[in-house]
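Subject: Structure for you to look at

Hello,

Here is the structure I promised. Please open it alongside this note.

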Amino acid sequence: MIVRAKVTAADFEALLALPENAEKRLELIDGELLEMSPTSELSGVINARLSARLQLFIEENKLGLLTSPENGFQLSPTDVLAPDAAFIATGRLKGLRRRGFFQIAPDLAVEVISPSESVTAAQRKAARYLAFGVREVWLIYPSERRADVCLPDPSGESTMRVKQLEPNDALESALLPNFRLQLSELFDVGLPILDESDEQRTPEQTEAGDS
Amino acid sequence: MDICEKLSVTAFEALLALPENAEKRLELIDGEILEMSPASELPTVIAAEIAAYLLTFARQHNLGIVTGADGGFQLSLTDVLAPDAAFIATGRLKGLRRRGFFQIAPDLAVEVISPSESVTAAQRKAARYLAFGVREVWLIYPSERRADVCLPDPSGESTMRVKQLEPNDALESALLPNFRLPLSELFDVGLPILDESDAQGSGGKA
């Protein structure tokens with residue numbers, strides 16, 4: 001939901017401090033507030049799985065740190081973006097501050113797209129990350145078991161280059177040497193993926209409800 | 001709708017000749033038949049507009065021919081794709097045959113995306129066009145008043161390069177020198193765009 005107001009990052013921090021916004025997840029994109037609703041079952045779980053794999057790899061190989069969906073990145077005076085996960089390479093931060101948004105662009109930003117989200121809006125957000133210096137953006141489409149790896153176009157002729165990953169492909173990145181996560185492994189969560197028409201109750205619950 | 005079957009173009013042509021398929025718009029993508037349902041109101045009007053703009057410009061400047069939404073392009077032994085509009089530059093065709101699909105890739109392919117269509121599927125189709133030699137693909141998103149211009153990546157490092165057009169941008173192409181169609185002009189069809197909740201009856205009828 002877009003709330004109409006052109007705000008700066010400073011206003012944005014003040015807004016976040018208001019009690020009525022305490023429970024909200026907000027982003028500031030080009031001076032506009034964007035409220036992120038809680039994500040759907042599947043995409044939230046996929047995000048947690050992907051973050052866990054990335055975190056493990058990054059820590060094991062001492063590559064840097066991984067941020068959570070609550071972390072904000074102030075990328076311009078009117079942009080505070082909150083990727084679902086982001087990787088910041090070692091050496092780019094002196095330390096972590098107790099307060100305040102990250103003031104640098106992450107090296108890698110990850111967005112997991114829910115069915116209710118607009119794919120083109122997510123891709124435009126990816127382009128915005130790249131314009132602010134993010135080196136690589138992963139867009140994950142759990143419903144389609146696919147992903148896009150978005151890279152800057154050094155020629156400047158296009159907004160970005162897109163590497164389309166199909167269900168049999170794997171996530172890899174020059175930023176994370178030897179990291180390799182098969183999409184099938186990421187998307188096989190150990191539970192069937194239900195259609196919207198399916199009831200979200202186990203048979204036991206159904207029986208209990210009927211009797 | 002996917003019907004599971006790996007088909008060749010020959011088998012596809014035979015299928016199209018069957019009376020029960022006479023009314024259907026089918027594509028063959030990697031040996032799979034894909035049935036295209038009739039497009040919704042807004043996208044079909046936009047597709048007609050784009051074809052008209054392209055046709056007018058191509059004819060004025062003798063650049064080539066423009067195909068409509070039912071033009072089939074046989075791009076491999078198991079691919080017959082039908083873009084919503086396509087441009088073939090002069091000199092690439094000796095003439096037009098009365099029967100049969102185009103056997104060459106168009107220079108430009110245009111796909112107009114309905115709200116019911118998967119954006120990622122359309123983008124994967126765009127990549128498929130480029131892999132078959134199409135030089136540029138326009139993906140048009142009427143509901144968002146936006147478009148993507150998809151170009152091959154000469155470095156081969158990515159699937160394609162994407163030029164994202166915002167509502168204030170214009171469609172342009174190196175294939176059509178001096179062609180310029182502002183998205184606002186394309187999307188302002190002269191009628192208000194209704195939400196799904198709005199009833200589609202004229203005031204007079206009500």
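Below are notes on the pockets and on one helix.

This is a predicted model: local features need pLDDT of at least 70, side-chain atom pairs count only at pLDDT 80 or more, and totals for chains, interfaces and linings use all residues. Residues are numbered from 1 along each chain as its sequence is written, chains are lettered from A, and side-chain values use heavy atoms, without hydrogens and water.

Pockets first. A pocket is an open set of points on a 1 Å grid where a 1.4 Å probe fits, with protein on both sides within 12 Å along at least five of seven lines; lining residues have an atom within 4 Å of a point.

The largest pocket has a volume of about 1400 Å³. Its lining has 43 residues, with Ile29(A), Leu34(A), Ala121(A), Ala122(A) and Lys125(A) nearest the centre. H3(A) gives the largest share, eight residues. By class, 14 lining residues are nonpolar, twelve polar and 17 charged.

The second largest pocket comes to about 1100 Å³. It has 37 lining residues; Glu27(B), Ile29(B), Leu34(B), Ala121(B) and Lys125(B) lie nearest its centre. H3(B) supplies the largest share, seven residues.

Now for that helix. H3 of chain B covers residues 119-131. Helices are DSSP runs (H or I, at least four residues). H3(B) reaches 18 Å from first C-alpha to last, close to the 18 Å expected at 1.5 Å a residue. Ten of its 13 residues are buried (under 20% relative accessible area, 1.4 Å probe, protein chains only). Among them are Ala122(B), Lys125(B) and Tyr129(B). Gly133(B) follows H3(B), with a positive phi near 105 degrees.

Best wishes

Methods. Helices (H or I, at least four residues) and strands (E, at least two) are DSSP runs, numbered from the N terminus. The expected span of a helix is 1.5 Å times one less than its number of residues. Buried means under 20% relative accessible area, exposed over 50%, partly exposed in between (1.4 Å probe, protein chains only). Grid points are joined across faces, edges and corners, and a volume is the space filled by probe spheres set on the points. Ala, Val, Leu, Ile, Met, Phe, Trp, Tyr, Cys and Pro count as nonpolar, Asp, Glu, Lys and Arg as charged, and the others, Gly among them, as polar.
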